[in-house]
Structure formats: structure tokens, C-alpha cells
Amino acid sequence: MSALLTAPFETKRILDKYGIHAKKKFGQNFLIDGRIVRGIVEAAGITKDDGVLEIGPGIGTMTQELSLAARHVTAVEIDTSLEPVLAETLDACENVMILWQDILKTDVQQIAKEYNGGRPLKCVANLPYYITTPILLELFQQKESLQSITIMVQKEVADRIIATEKDKEYGALSLAVQYYSQPEVCLNVPPHSFIPRPNVNSTVLNLKIRDRPPVETDERYMFALIRAAFNQRRKTLANALTHGFSYGGQNLTRDLVTAALEELSLPADIRGEKLSLSQFAALSNILRK
Ligand code: SAM
């Protein structure tokens, strides 16, 4: 294997050699701290039995560690200008396949089939922060092909992901992630662990994909309610749903919403941000009838 990129001078040498400047438009911040890289791989619980999906290998820093720990790594990278770099840094990593494409247009089931005998993959990524939420939502749509998602995100996004109805950071993202997975905070990562330094702190989360959802309801209907509730989070839930909800041609009258809240013993002027996931599911089950 070529020299490990977790030595900062090696990262600088590679960046200089290939004239690479981190591209803002692709959210590029390259890791240079070996302890953090190993910490992420450890948090993901990668073993020699595992097929891994890495999003955004960049110059290959984490890919090198994943290659050592896993049976196979499929790395999806959008920036084709990194091709000569990865050819050098991953030259000895025979168990790594790079797909030069957008993760938002990637068929994860196909990767699981082709490289992991159809078994679910472990996804690991130092995510491009500008599209964290779309990537997560896309991965959850393909959750049957994933066991877990271990990701580095902006600390502020991690706070939103793990928030409950008791926290001010609570919102639609918290509910979506907690519906599909069990999130756990693994590491906090300071800006000096990257080149270039981001101007935010970062957090590594492990999201264990649930075998079945924690609540029983029509998933699409419930998330339409959640979206309407948080689109106008300053309004009462009754107001937000009366004016902002529509699903398959169904709108909601104030009377219907008020009656449903009463059935759940919730105050008529409650805001959506005060409802737990199970309360949203219960509301969805009443209103869907
Ligand atoms: N894994 C490397 C590391 O930790 O040093 C790089 C992480 S950097 C924060 C994010 C990486 O994701 C970059 O390599 C970037 O080019 C890539 N990326 C950005 N948008 C992407 C997309 N839509 N699909 C696939 N990769 C993407």
C-alpha cells in the first residue's frame, strides 16, 4: 500500500503532487487524523466478513483503513478529477472498487448484489455537509440493502438527528432518522482534523438500521403530517395541518384535527414540535381513517 494518508505531510504531498484544491462545491474536507479515521472504522464495527459502501472516498484516507478492515469496499465518488490520486493511494487495495458517480443516483441494492452476495452493506462516510440530509433520506429509501450507516456530520446536524421532543433542535430530520434507525453518538471531531479546516465542529454517528419501524402506521401519511407540522413550526399543529397538509387529495378540517388531538388527550393549541414519534404515529392512525 502507498504511504498512509493519515500522516498530514503525506496528504499535503499528494494534494501538491496532483495540484488538488479541495472543492467547496463537493463539500471536500480531507481527514488527516489517524485516530479519528480508525475511530470511525471502529465505530462502524467493520470486520473481515463485511461489505462496505463508502460515500466520497476523496483522496482515499478512510478507504485505506476500510480496505484493511473489511472484506470488500465499494466507494462512490462524484469528483472524477480524483481518479489519478486514488489510482496511487489505493494501488495496493485490491478489495476496493470505485464507482465514479453521484451517491444520490446510486442503486445500493445493485452494489449489495454485485459485491456482497445480496447481503446488506455497512455504509461509512465522512459526508459532504452540503447534502447530508438528501443523502440520508436517499439511503433510508434503500434501507433493505444496509445494516448500518456510520457518518461524520456537522455537530449541529448530529444534535438535530438525536434530538427528542424535549429539545429545541427537534424536527422532521430527528423523526425520520429515529424512525428508520437507532442513532448513537460515537466521536466528536475538531476542525483541525481536516485539510482544509471546516469552520464547524463535527460528530460521528452510528445509525443502526431497524429491522422494523418502532411504530405502526402508514409511513408516507405520517411523514406528510410531520412535514406539514414542521414547515410551519411556529403555528399550532391544528393550524399547520388545516392550512399546510395535503395527501393524495385529502386535506384536513380544523374539526377533524381538534377531535383527533382530543382523542389523544393533547391540548388543542399544541405545536407539532411537542409531539413524539409515537404521538405522530397515533395521530396519523386516527386521521388516516
Ligand atoms: N472521505 C474523504 C476523507 O474523509 O478525507 C473525503 C471526505 S469529503 C468531506 C466528502 C467527499 O464526498 C468528497 O470526496 C466529495 O468529492 C464527495 N462527494 C460530494 N458529493 C458527492 C456525491 N453526490 N456523491 C458521491 N460523492 C460525493
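1. Let's start with Arg-35. At 63% relative accessibility, Arg-35 counts as exposed, a class that needs over 50% relative accessible area, whereas buried means under 20% and partly exposed is what lies in between (1.4 Å probe, protein chains only). Arg-35 makes a salt bridge with Asp-33, and the closest N and O atoms of the two are 3.2 Å apart. A salt bridge here is a side-chain nitrogen of Lys or Arg within 4 Å of a carboxyl oxygen of Asp or Glu. Asp-33 counts as buried because its relative accessibility is 14%.

2. A word on the model before going on. The model is predicted, and local features need pLDDT of at least 70, side-chain atom pairs count only at pLDDT 80 or more, and totals for chains, interfaces and linings use all residues. Residues are numbered from 1 along each chain as its sequence is written, and side-chain values use heavy atoms, with hydrogens and water left out.

3. Now the other salt bridges. The count comes to 13 salt bridges. Side chains of opposite charge can pair when their charged atoms come close. Lys-122 and Asp-50 form one of them, with 2.9 Å between the closest N and O atoms. This pair links distant parts of the chain, 72 residues apart: Lys-122 belongs to strand E5 (residues 121–126), and Asp-50 to the loop between helix H2 (34–43) and strand E2 (51–55). Helices (H or I, at least four residues) and strands (E, at least two) are DSSP runs, numbered from the N terminus. Both Lys-122 and Asp-50 are buried.

4. Arg-233 forms a salt bridge with Glu-273, where the closest N and O atoms are 3.2 Å apart. Here too distant parts of the chain are linked: Arg-233 is in the loop between H9 and H10, Glu-273 is in the loop between H11 and helix H12 (277–287), and the two are 40 residues apart. Arg-233 counts as partly exposed at 25% relative accessibility, and Glu-273 counts as buried at 14%. Elsewhere, a network of salt bridges links Glu-10, Arg-13, Lys-17 and Glu-88.

5. The ligand site deserves a careful look. There are 23 residues around the ligand, and Leu-31, Gly-56, Glu-77, Asp-102 and Asn-126 come nearest; a residue is near a molecule if one of its heavy atoms lies within 4 Å of it. By class, this shell has eleven nonpolar, eight polar and four charged residues. Ala, Val, Leu, Ile, Met, Phe, Trp, Tyr, Cys and Pro count as nonpolar, Asp, Glu, Lys and Arg as charged, and the others, Gly among them, as polar. Strand E1 (30–31) and strand E3 (72–77) each supply at least two residues of the shell.

6. Gln-28 places one 2.9 Å from an oxygen atom of the ligand, and Asn-126 places one 2.8 Å from an oxygen atom of the ligand. The protein covers 99% of the 600 Å² of accessible area that the ligand has on its own, with areas from the Shrake-Rupley method and a 1.4 Å probe.

7. On to the rings. A search of the whole structure finds eight aromatic pairs. Rings of Phe, Tyr and Trp (its six-membered ring) pair if their centres lie within 6.5 Å; planes under 30 degrees apart count as stacked, over 60 as edge-to-face and the rest as tilted. Tyr-170 and Phe-230 are an edge-to-face pair, 5.9 Å centre to centre with 80 degrees between the planes. Both Tyr-170 and Phe-230 are buried. Tyr-221 and Tyr-247 are also edge-to-face, at 5.2 Å and 80 degrees. Tyr-221 lies in helix H9 and Tyr-247 in the loop between helix H10 (237–244) and helix H11 (254–263), so this pair ties together parts 26 residues apart in sequence. Tyr-221 is buried at 0% relative accessibility, while Tyr-247 is partly exposed at 21%. Ring pairs also link Phe-140, Tyr-179, Tyr-180 and Phe-223 into a cluster.

8. Finally, two backbone details to check. A cis peptide bond joins Ile-195 and Pro-196, with omega about -15 degrees, and Pro-196 lies in the loop between strand E8 (194–195) and strand E9 (202–209). Ser-265 is not a glycine, yet has a positive phi of about 60 degrees. Ser-265 is found in the loop between H11 and H12 and counts as exposed at 66% relative accessibility.

Definitions and conventions: A polar contact is a pair of N or O atoms within 3.5 Å; within protein, one must be able to donate a hydrogen and the other to accept it, and residues adjacent in sequence count only if both atoms are side-chain atoms.
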